[in-house]
Amino acid sequence: MKQHIIGWVSLIIGIFVLAACTQNEEENNLIYTYNFSETGQKINIVHAHTLYEQYIEKAKDDESGRLALYKETVIEPVYEACFEDAEFIHMAKPILNTAPKHFMELEKMTSEMAERQDELNAFIQEALKKSMALLPSESDISVCLFPSSDMSLSMFAAGAGKIIIPYNRHYTDEYIKVGVAHEYHHSTWAEQHLSDWMTVLDNLIFEGKAVMFEKLVYPAHEIREIYEDYNQELWEQIEPDLNKVSLERSMEILYGGGEFPYLYGYSEGYKMIRAFLEANPSLTPAEWTAVSSEEVIEKGKYFEYYK
């Protein structure tokens, strides 16, 4: 099945990339804009590092006023493109409501991002082209890069068409490409399938679908571990909570820590959608993205792995 899927994926991506004539336009140092002629979508790559020099210079001598200064000099100029009307705005709280410090590290990241700006643009364009070939969307897309000294922050989709990259020194070229593909899936899901509430199971499968998608877009790249064993002891700790509507419990399971391995919930969610696709190999990414959690479990018979 894997060879069949990868072969089909490669063909579709190749056709799309050749057919999609892009027109690139450098609006200014802050926003790089281009259009996909195939879809008419406008893509903005927002380089927020260009705003940090002024913030850092003033914030070093104004500890009490740093947050207000940060919001004025960095957040306000990019808020419309990166955060306005975002469905998952809670994900952005660490960026929106925390004044960056550790200025030496920020200056280093800002300098690195400036030097690599063209390269970063190319990585993001490649990842979006490949992703859009497999899973079309209609929203304009903003990918917003912020220099970060917080190593705990990872990429996230703030909502439909809003992908945020808190760029730190641990980001590799591979991680950027795969991460953009992952978050593009979340963005498209938010555009097309957003629901008012999500159970723990919904959140596991939400992430599992994005992991499956990133593997289709970049089958040769592995940026997260999949735990191939079916650990009964761990499963017994999460099974009673699967139907609960609890973001807190979802995050505990997804990110791991404590009794759970690192990113345990991502691995379980991926194995759930993998089991479903093994039973339904002809579905396209658009089709399986739309499938409900209940159908994923029922047709993939995932719970039987733990009997």
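**Briefing: a disulfide and a helix pair**

A search of the whole structure finds one disulfide (a pair of cysteine sulfur atoms within 2.5 Å). Residues are numbered from 1 along each chain as its sequence is written, and side-chain values use heavy atoms, with hydrogens and water left out.

**Confidence**
- The protein chain has a mean pLDDT of 91, and 91% of its residues reach 70 or more.
- Over residues 1-27, pLDDT stays under 50.
- Where pLDDT is low, the predicted coordinates should not be read in detail.

**Disulfide**
- Cys 82 is joined to Cys 144, with an S to S distance of 2.1 Å.
- The torsion about their S-S bond is about -100°, so the disulfide is left-handed.
- Cys 82 lies in helix α3 (residues 66-82) and Cys 144 in strand β4 (residues 141-147), so the pair ties together parts 62 residues apart in sequence; helices (H or I, at least four residues) and strands (E, at least two) are DSSP runs, numbered from the N terminus.

**Helices α6 and α7**
- The axes (lines fitted to C-alpha atoms, for helices over the stretch in contact, with angles from 0 to 180 degrees between N-to-C directions) of α6 (residues 117-134) and α7 (residues 173-193) come within 9 Å and cross at roughly 40°.
- Residues in contact (heavy atoms within 4.5 Å) include Phe 123 and Leu 128 in α6, and Ile 176 and Tyr 184 in α7.

Methods. Predicted model: local features only at pLDDT ≥ 70, side-chain atom pairs only at ≥ 80, totals over all residues. pLDDT = per-residue confidence, 0-100.
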